[in-house]
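Here is a short tour for anyone meeting this structure for the first time. Keep the 3D view open and follow along.

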Amino acid sequence: MQATEQAIRQVVQEVLSQLSKNGSVPTGHVTPAGNHSGGDWGVFQDVDSAVQAAQQAFEQLSQAPMESRRTAIEIVKRICEEQAEELGRLELEETKIGRLDHKIAKLKLVRSIPGVEFLRSDAMSGDAGLTVTEYAPFGVIGAITPVTHSLPTLAGNVVNMVAAGNTIVVNPHPAGAKIASEGVRRFNKAIFDATGLQNLVTIIGTPTIESAQAIFDHRGVRVAVVTGGPMVARAALKSPKRAIVAGPGNPPVVVDETADIDNAAESIVTGAAFDNNLLCIAEKEVFAVASIFDQLMNAVSKHGGYRLNAQQTAQLTSMSFSPPKEPGEHHVLNREFIGQDASWLAAQIGLSIPQNVQILYGETDEHNPFVPEEQMMPFVPFVRVPNVDTAIAMAKMYEHGFGHTAIIHSNNVKTITKMGRIMDTTLYVKNGPCTAGLGIGGEGYPSFSIATPTGEGVTNPMTFTRQRRCAMADGLRII
Ligand code: NAD
C-alpha cells in the first residue's frame, strides 16, 4: 500500500515537474530558463517583482505535496553541506569578518535545522465531536538578514519557513548580499530541477534600508522576520505588520566560587572565539568573583586566550571605540575591528602573537566600553566582583534587558536558579559554552534567528505557521 502511494506521488511529481519546465503549469511567467521575468533564479532588483514572484511560488507550493517541501529542504541542506568550503570562503571574502573554519561550520550546521518533521497537528475529541488544529503557512514572509551570518541565516530561514509551507523574500545586509544571492540562485536552480517549483526564495540583489522598509510595508508580505541589531529591531517593532524579531544581545557570563574553573575557562574561550565573536549568543563580558578570579584568568590562557595587561587593554579599548558623540549616548564601535582575528587585533596595538590564539582578554572595570557594548570581536573583558550577587546584578544591568542570552558557571543550584530568574533571558546556559544553547554541546536544535523581544525563542518551522481549526460537530469521534 505504502509502495503504491509512493509510486503515485513520484509519478505526479515527475508530471508536475515536466509541465512546469514546459511552462504549462499556471505559475506566472515562465521563461525558457524557468524563471519569472526579470529574476535571475530568484535574484531581483526591485521589491515588487521579488514579492510577486514569491507570491506565485506560494501558489505553486500550496498545490504541491508535502514531499516537495521535504525535497526542497533537503536540497538546501545538501548544498550548504557539500559546498560549505566554497560558500564559506566566498562569504568571508565578501564580508571580511569572522573565520573560515567557522563560516564552514555554520553552513554545515544547516543540516541540523528542523524541517517538515517538526510540524504537527492537534486534535480535541469529545462528546461534541472532533476538532483538529492544523498549522498552516502565512504565505510570503519578508526576511531581513544580518552580515554576521549572511547565507547561514538565509538558509536556516528557508528550511524553517518552507517546511511550514511559506515562500520568502529576503533583504540581505548589503555587505553580505552577493553570497546571499549566490545561495538563492543555487537553491532555486536545484529545487526547480528536482520539483518544478521555482522562486521559493527571492532576494533583493542590491538591498538598501529603503528596500527593507518596502518589504515591511508591502501588502503581499504577511509577516516580517528580522534578524539583526538594535536599529532594524526597532524599525520592525514599529511596523504595523506582524513581526518576529531576532534582535541584538550582549551575553554576560557569571563565574562563582563553586564553578569548575577549568571548564569555565575553556567554555568561555570556545564560545567567544567562535567566528571571532560574531554570534549574538557569544560570551561578551565576564563577571567573576574575587576568590577565584586569578585562577580563572590563568586558566583562560591555557585554553587559547592571550592576556593583555592594563596598558594594552586600554590601548585596544581606545582603538576599538570612540567616545560617545553626546553625553549619555553609547560609545561608537570601530566597525573595522568587528570580527577580526585575535592576532590582527593584537597587531593594531603593536603586539605580535601566535596566529592560533583564540581570544584576547584582560581585566577591566565595569565601565570599560567592552562591557556594555556588543563588541563582536575576540576580546573579552573580565570584571572582578566581591560576590556572586554583585556579579548577577551587573550581568542583569549590562544585558540591557535584551532578554537574549546569559551564561553561568556554578555548581550551586540555588545560585543557578536565582540568576536564571533574574536574567529572564531567552537562552540561559549553565556550565558550557554559549553554543550549548543551540544544541551544539547541549540538547536541542539550532537556528540562526533567535526571536527575543517578540518572544518566539529559537525559531523552528512551527514559528512560521498560523493555526487553523477544523471542527466536525457530533461526528468522527470513534470511541
Ligand atoms: P544590522 O542591524 O546592522 O543589520 C541587520 C539587517 O538589518 C541588515 O539586512 C541591514 O541592512 C538591515 N537594517 C539595518 N538598519 C535598518 C533599518 N533602520 N531599517 C531597515 N533595515 C535595516 O546587524 P548586523 O551587523 O548585520 O548583525 C549583527 C547584529 O544582529 C547584532 O546586534 C546581533 O546581536 C544581531 N543578531 C541577532 C540574532 C538573533 O538571532 N537574535 C542573530 C544574528 C545577529
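## A stacked pair

In this predicted model, tyrosine 398 has a relative accessibility of 7%, so this tyrosine counts as buried, the cut-off being under 20%. Phenylalanine 287 is buried too, at 0% relative accessibility.

The rings of these two residues form an aromatic pair: their centres are 6.2 Å apart and their planes meet at 20°, so the pair is stacked, as planes under 30 degrees apart are. Phenylalanine 287 belongs to strand β10 (residues 285-289) and tyrosine 398 to helix α14 (residues 388-399), so the pair links parts of the chain that are distant, 111 residues apart.

How many aromatic pairs does the structure hold? There are seven. Another of them joins tryptophan 41 and phenylalanine 192, with ring centres 5.9 Å apart and planes at 55°, so this pair is tilted.

In soluble globular proteins, nonpolar side chains tend to be buried together. Here, the largest nonpolar core contains 52 residues, and Val255, Val286, Leu296 and Phe382 have the most contacts inside it. Helix α10 (residues 261-273) supplies the largest share of this core, seven residues.

Which residues does valine 286 touch, leaving aside neighbours within four places in sequence? Valine 286 is in contact with Val253, Val255, Ile268 and Leu296, and also with Val380, Pro381, Phe382 and Val383.

## Around the ligand

Now turn to the ligand, which is surrounded by 29 residues. The closest are Val147, Gly229, Gly247, Glu374 and Ile450.

Some contacts here involve the protein backbone. A polar backbone atom of threonine 145 is 2.8 Å from an oxygen atom of the ligand. For glycine 229, a polar backbone atom is likewise 2.8 Å from a ligand oxygen atom. In phenylalanine 448, a backbone N or O atom lies 3.5 Å from an oxygen atom of the ligand. On its own the ligand has 840 Å² of accessible area, and the protein covers 92% of this.

Technical notes: Residues are numbered from 1 along each chain as its sequence is written. This is a predicted model: local features need pLDDT of at least 70, side-chain atom pairs count only at pLDDT 80 or more; totals for chains, interfaces and linings use all residues. Side-chain values use heavy atoms; hydrogens and water are left out. A nonpolar core is a set of buried Ala, Val, Leu, Ile, Met, Phe, Trp, Tyr and Cys residues joined through side-chain atoms within 4.5 Å. Buried means under 20% relative accessible area, exposed over 50%, partly exposed in between (1.4 Å probe, protein chains only). Helices (H or I, at least four residues) and strands (E, at least two) are DSSP runs, numbered from the N terminus. Contact means heavy atoms within 4.5 Å. Rings of Phe, Tyr and Trp (its six-membered ring) pair if their centres lie within 6.5 Å; planes under 30 degrees apart count as stacked, over 60 as edge-to-face and the rest as tilted. A residue is near a molecule or strand if one of its heavy atoms lies within 4 Å of it. A polar contact is a pair of N or O atoms within 3.5 Å; within protein, one must be able to donate a hydrogen and the other to accept it, and residues adjacent in sequence count only if both atoms are side-chain atoms. Accessible areas come from the Shrake-Rupley method with a 1.4 Å probe; for residues, only the protein chains shown count as cover.
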